[in-house]
Amino acid sequence: MSALILCLVLSTYAPQQVGSPPLADPAAEARVERVGKQLRCPVCQGMSIADSPSNMARAQMEKVREMVRDGKTDAEIFNYFVDRYDEWVLLEPRREGLALLVWVGPMVVIGAGLLFVFWFIRARNQQPTLTPAAPAAPGAALPDDEYLRRVRAELDR
Amino acid sequence: MKKWIFTSLILVAIMGVLWFLFEERHNDPHAVPFKLSGKAAPAFKLKRLDTGEWVTLDQLKGQPFVINFWATWCGPCKLEHPVLAWGAKQFGGRVAFYGVVNEDSPENAQEFLRENGAAYPQLMDAEGLAGVDFGIAGVPETYFVDAQGVIREKYAAPIDPRTLVAKVGALLPAEARR
């Protein structure tokens, strides 16, 4: 939200430039929009360049449109932006190298958490339980225990 | 034994998180990364504001040069204009200075330069595409390019005289610095 407010405030100082018209081929223009949705705007950093109202984002969308018009693949367009702004520019990190951690990390942490809960419950269930001793049958011989003998002696006094 | 392994793993994880936080403590989370330092400047072909002639990257190679992206709607750009004008005179003949009017109209730029002086050539990038090629994240931004056309670094803020001298000096051989 703060990013949007900052973006709108900054935008008021920058006269909005008119972008080039959308590509004639609707499929190609949809691709421009789809690629733009996956690139982070340097001004409104929480937004994609397709959604940001900033001039910077508009210029970057123009670049994407130009590259789509020139027949570049999605990978070539993403590489162009990564070459300049690093992986930071990708709103959806790549599923390779260190960035793979972003995808795998949460699953590993959740898996480790589940394993811990499972281990904890099992360890708890395996602990010997303290069950009260069965009362001695009436008339049964009492154990010969020095301590008990002294307690009984005290009680009888 | 199992308890020890488990505790050690938890401790290692906590240490890892603390180390990461310690390493990142000075990093500005809003800073936009720049990956073109040490790489060839992107090719461009832009019109000069005063003469209308085309200027290309190849024409600029052979001498270190400074490229400043700016616009008249940007307050900090106006503030740093005298610093760059001073730098252009100070390093004249050894380092070339160029302004690139980014996302603005020629009329606005001409009016501003009439009032504030045009100490070095200005190139027009009304659509901002050359700026995107250079990896700008806004204006003002100043690029320091060596004689081979390699970007040595960029400065993404209004530049002050001391910083300008240091960064331009780094483009020059020791005997050429003054």
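Trainee: How many residues of chain A are in contact with chain B, and what makes a pair a contact?

Mentor: In this predicted model, 18 residues of chain A are in contact with 16 residues of chain B. A pair counts because its C-beta atoms lie within 7 Å.

Trainee: Which elements of chain A give two or more residues to that side?

Mentor: They are α3 (55-69) and α4 (74-85) of chain A. α3(A) gives the most, with six residues. By class, the side of chain A that touches chain B has nine nonpolar, four polar and five charged residues.

Trainee: Why are β6 and β7 of chain B called paired?

Mentor: Pairing needs at least two bridges. Strand β6 (residues 141-145) and strand β7 (residues 151-155) of chain B have four, so they pair, in the antiparallel sense. Val145(B) stands opposite Ile151(B) in β7(B). The hairpin has five residues between the strands, and there Gly149(B) takes a positive phi near 85°.

Trainee: How do you know whether chain B is compact or extended relative to the globule rule?

Mentor: A compact globule of 178 residues would have a value near 16 Å, but chain B has 21 Å. Chain B is therefore above the rule's value. Its C-alpha trace spans about 80 × 40 × 30 Å along the principal axes.

Trainee: What makes a residue of chain B buried, and what percentage of the chain is buried?

Mentor: A buried residue has 20 or more other C-beta atoms within 10 Å of its own. Such residues make up 34% of the 178 in chain B.

Definitions and conventions
Residues numbered from 1 in each chain as written. Chains lettered and ligands numbered in written order. Predicted model: local features only at pLDDT ≥ 70, side-chain atom pairs only at ≥ 80, totals over all residues. Contact = placed C-beta atoms within 7 Å. Nonpolar A, V, L, I, M, F, W, Y, C, P; charged D, E, K, R; others polar. Rg over C-alpha atoms; globule rule 2.2 N^0.38 Å. Buried ≥ 20, exposed ≤ 12 C-beta atoms within 10 Å, placed from the backbone.
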